[in-house]
Amino acid sequence: KRSQDTFDYTGALVMTSTLPVKTDISATFLTTLDLTHVVPGPQLHKFQDTSKENRLQLFLTPGYDVTEVFKYTFEQVKPPIFATYKVSNSNPGLNFSIDLQFFLEQKIVFEFIEVMFPFPNRGPINSLKYEPQNSDVVMNKKKNQIVWRRARPPVTEKLMLTGNITFDTRQSRLDGHPQLRDINAYADISFRSTSTTMSKMRLDRDSVTVFPAAKFKLNYEVRSSGQSIRVWNSLGEVFDQ
């Protein structure tokens, strides 16, 4: 049994090559994590999993198309973003607040962080007020949700959005989720970064070798993202289903 919550991550190494056919490549990746599960792709004909020694050694024959070299998974105790979401009844409507905190052991530059606040079990949205007023918040009446987006947010401080939202109570809606009752509500968080990966894996550029020997240009990019990370109202209840 686990003594504390953990978060599962999935990653992949993807490559394209314009080298001649039957050219072999060797490369070493450095990581500080113990990868729990590595699945080699069809182009990877030799793979040495030495993650306990902080090294992953690869030997492969790439094709011309996009090649998924391998997939991997790992666990961490802390997520990159921790959120606290609160919703309470007000007259009129609902008061809401969300706090975003960052638990990062390495510097990450986020391209964006987006939070969606759907209200599928309530009538159409009538009005919205929020603080800070200069926040990039959009009300989507068609989907009955509001969206808060921050481009390149500072990760050295806590981000917060508070507000009040009212609904047309004459038009009730039914939603199939059994927990969406009373003040129960959720927010979905998404993010993207191109500065690093959650696995802290990086390529040892000096280790890249091709056989037979040939001149080549190496382009290496990293990207991490999260989609629909769901946070429930901490003031709500858990109902029997």
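## Overall architecture

The structure is a predicted model.

The protein contains 16 strands and zero helices. Of its 241 residues, 41% count as buried. Among contacts in the protein with a separation of 6 or more, 77% are accounted for by residues 24 or more positions apart.

## The four-stranded sheet

Four strands form an open sheet in the order β7-β8-β13-β10, and their pairing is antiparallel. The edges are taken by β7 (81-89) and β10 (125-131). Each of these edge strands has a single partner strand, so one side of each is left without a neighbour in the sheet. On average, neighbouring strands of this sheet are turned by 20° against each other, direction ignored.

The partner of β10 is strand β13, which spans residues 159-167. The two strands pair in the antiparallel sense over six bridges. Within this pairing, Tyr-130 stands opposite Gly-163 of β13.

## Salt bridges

The structure holds four salt bridges, and three of them are described below. In one, the side chains of Lys-71 and Glu-68 meet, with an N to O distance of 3.9 Å. The cut-off for a salt bridge is 4 Å between a side-chain nitrogen of Lys or Arg and a carboxyl oxygen of Asp or Glu, so the Lys-71 and Glu-68 pair, at 3.9 Å, is counted. Lys-71 is partly exposed at 40% relative accessibility, and Glu-68 is partly exposed with a relative accessible area of 35%.

Glu-111 and Arg-192 form another salt bridge, in which the closest N and O atoms are 2.8 Å apart. This pair links distant parts of the chain: Glu-111 belongs to strand β9 (residues 110-118) and Arg-192 to strand β14 (residues 186-193), 81 residues apart. Glu-111 is partly exposed, its relative accessible area being 26%. Arg-192 is likewise partly exposed, with a value of 34%.

## Strand β14 and strand β16

Strand β14 also contains Asp-188, which forms a salt bridge with Arg-230; here the closest N and O atoms are 2.9 Å apart. Arg-230 lies in strand β16 (residues 224-232), and the pair links distant parts of the chain, 42 residues apart.

The burial of these two residues can be read from their relative accessible areas. Residues under 20% are buried, those over 50% are exposed, and those in between are partly exposed. Asp-188, with a relative accessible area of 6%, is therefore buried, whereas Arg-230, at 41% relative accessibility, counts as partly exposed.

Gln-145 is placed in strand β12, which covers residues 145-151. At 9% relative accessibility, Gln-145 counts as buried.

When residues up to four places away in sequence are not counted, Gln-145 touches Met-116, Phe-117, Pro-118, Ile-125, Val-138, Met-139 and Asn-140.

How values were computed: Residues are numbered from 1 along each chain as its sequence is written. This is a predicted model: local features need pLDDT of at least 70, side-chain atom pairs count only at pLDDT 80 or more; totals for chains, interfaces and linings use all residues. Side-chain values use heavy atoms; hydrogens and water are left out. Two strands pair if DSSP finds at least two bridges between them. Axes are lines fitted to C-alpha atoms, for helices over the stretch in contact, and angles run from 0 to 180 degrees between N-to-C directions. Buried means under 20% relative accessible area, exposed over 50%, partly exposed in between (1.4 Å probe, protein chains only). Contact means heavy atoms within 4.5 Å.
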